[in-house]
Amino acid sequence: MSRLSKTLLAAALGLAACLPAKAETLIAALSTHRIAITSNYTGDQLTVFGLVEREGRTAARADPYDIVVTVRGPPRMLIVREKERVGPIWVNRQQRRFPERPIFLSVSSNRPIEEILTEDAARRERIGLANAQRIQSTREFEFGIGPYRDALIRIMEAKGLYAEHERGVTFLSPTLFSAPIRVPATAPTGSYEIEIVLYAGGAALARQTTNFEVIKTGMEQSLASAAHDRPLLYGLATAALALFFGWLATTIFRRD
């Protein structure tokens with residue numbers, strides 16, 4: 001081996017030694033990848049199962065593992081309006097638009113997030129309900145966005161579409177965990193992304209993403225497809241049915 005080859009090999013080995021070894025990997029699975037909306041649908045629940053796999057003979061860490069599971073629903077344009085009372089009525093004063101924001105957001109962890117990450121780290125990695133809604137700017141309060149973002153979170157929490165579960169992840173063993181995810185009846189159809197992040201001592205060690213979808217089936221899907229594909233025919237049929245049932249009710253309950 002030439003002197004140049006030996007030099008290059010030594011440099012490569014030195015660089016490899018300086019790079020951090022990936023000691024843990026995440027393996028995640030869902031109890032189901034599809035939630036079907038039927039006529040008696042009142043919401044559903046699925047469960048995330050995960051395993052922390054150590055590579056080789058990696059020694060156990062001094063800090064325990066922490067898991068944060070974030071579920072984001074279909075993105076939508078969300079609008080928050082500020083109302084002002086003028087005399088006896090309330091009128092819309094100002095508004096802020098939040099484009100491409102998840103209409104469903106759920107954050108679960110094995111303990112409170114402030115015990116897992118520092119405030120700066122949580123903001124930087126967009127962990128938590130408030131941080132997931134932040135724009136890439138540290139001056140958003142100067143532009144008046146912060147209060148509207150907080151109002152958006154309160155409104156969506158009241159509707160059951162946003163939720164934070166501080167004890168939503170359960171470790172079944174030091175490396176095996178599960179996290180139930182409740183999908184309310186008001187959750188829209190579409191694709192949902194699940195991001196699982198493994199932490200230890202406040203540092204992110206591994207990430208894994210998966211997804212599931214909420215779909216309509218049966219008569220609900222047929223009606224939705226008809227309304228979307230043939231809106232004129234669907235509207236005429238709906239009006240005809242309304243007239244028919246109105247006439248039928250008048251005939252049945254008519255007093256002679």
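This is a predicted model: local features need pLDDT of at least 70, side-chain atom pairs count only at pLDDT 80 or more; totals for chains, interfaces and linings use all residues.

Guide: Residues are numbered from 1 along each chain as its sequence is written, and side-chain values use heavy atoms, with hydrogens and water left out.

Visitor: In what order do the 6 strands of the open sheet lie?

Guide: Strands are DSSP runs of E with at least two residues, and helices are runs of H or I with at least four, both numbered from the N terminus. Two strands pair if DSSP finds at least two bridges between them. The pairing in this open sheet is mixed, and its order is S2-S12-S11-S4-S7-S8.

Visitor: Which are the edge strands?

Guide: An edge strand here pairs on one side only.

Visitor: In which sense do strand S4 and S7 pair, and what is the bridge partner of Val-69 in S7?

Guide: Strands of a sheet pair through backbone hydrogen bonds, either parallel or antiparallel. Strand S4 (residues 65-72) and S7 pair in the antiparallel sense over 5 bridges. In S7, Val-69 has as its bridge partner Ser-108.

Visitor: What kind of pair do Phe-104 and Tyr-192 form, and how many residues apart are the parts it ties together?

Guide: The centres of these two rings are 5.6 Å apart with 70° between the planes, which makes the pair of Phe-104 and Tyr-192 edge-to-face. Both residues are buried, a word for under 20% relative accessible area, while exposed means over 50% and partly exposed in between (1.4 Å probe, protein chains only). Phe-104 lies in the loop between strand S6 (89-102) and strand S7 (105-109) and Tyr-192 in strand S11 (residues 190-200), so the parts tied together are separated in sequence by 88 residues.

Visitor: Why is the pair of Tyr-192 and Phe-212 called stacked, and which residues form one aromatic cluster?

Guide: The ring centres of Tyr-192 and Phe-212 are 5.0 Å apart and their planes are at 15°, so the pair is stacked. Tyr-192 lies in strand S11 and Phe-212 in strand S12 (residues 203-216), so the pair joins parts 20 residues apart in sequence. One aromatic cluster is formed by Phe-104, Tyr-192 and Phe-212.

Visitor: Is Asp-66 buried or exposed?

Guide: Asp-66 meets Arg-111 in a salt bridge (2.8 Å, N to O), that is, a side-chain nitrogen of Lys or Arg within 4 Å of a carboxyl oxygen of Asp or Glu. Asp-66 lies in strand S4 and Arg-111 in the loop between S7 and helix H2 (113-116), so the pair ties together parts 45 residues apart in sequence. Arg-111 is partly exposed, at a relative accessible area of 24%. With a relative accessible area of 2%, Asp-66 is buried.

Visitor: Which residues are linked with Arg-207 in a network of salt bridges?

Guide: Arg-207 meets Glu-125 in a salt bridge (3.1 Å, N to O). Arg-207 also forms a salt bridge with Glu-195, whose closest N and O atoms are 3.2 Å apart. Glu-195 counts as buried at 16% relative accessibility, whereas Arg-207 is partly exposed at 43%. Linked with Arg-207 in the network are Arg-72, Glu-125 and Glu-195.

Visitor: What is phi of Glu-100 near?

Guide: Most residues other than glycine have a negative phi, and most peptide bonds are trans. Glu-100 has its place in strand S6 and is exposed, with a relative accessible area of 61%. Its phi is a positive value in a residue other than glycine, near 55°.

Definitions and conventions. Rings of Phe, Tyr and Trp (its six-membered ring) pair if their centres lie within 6.5 Å; planes under 30 degrees apart count as stacked, over 60 as edge-to-face and the rest as tilted.
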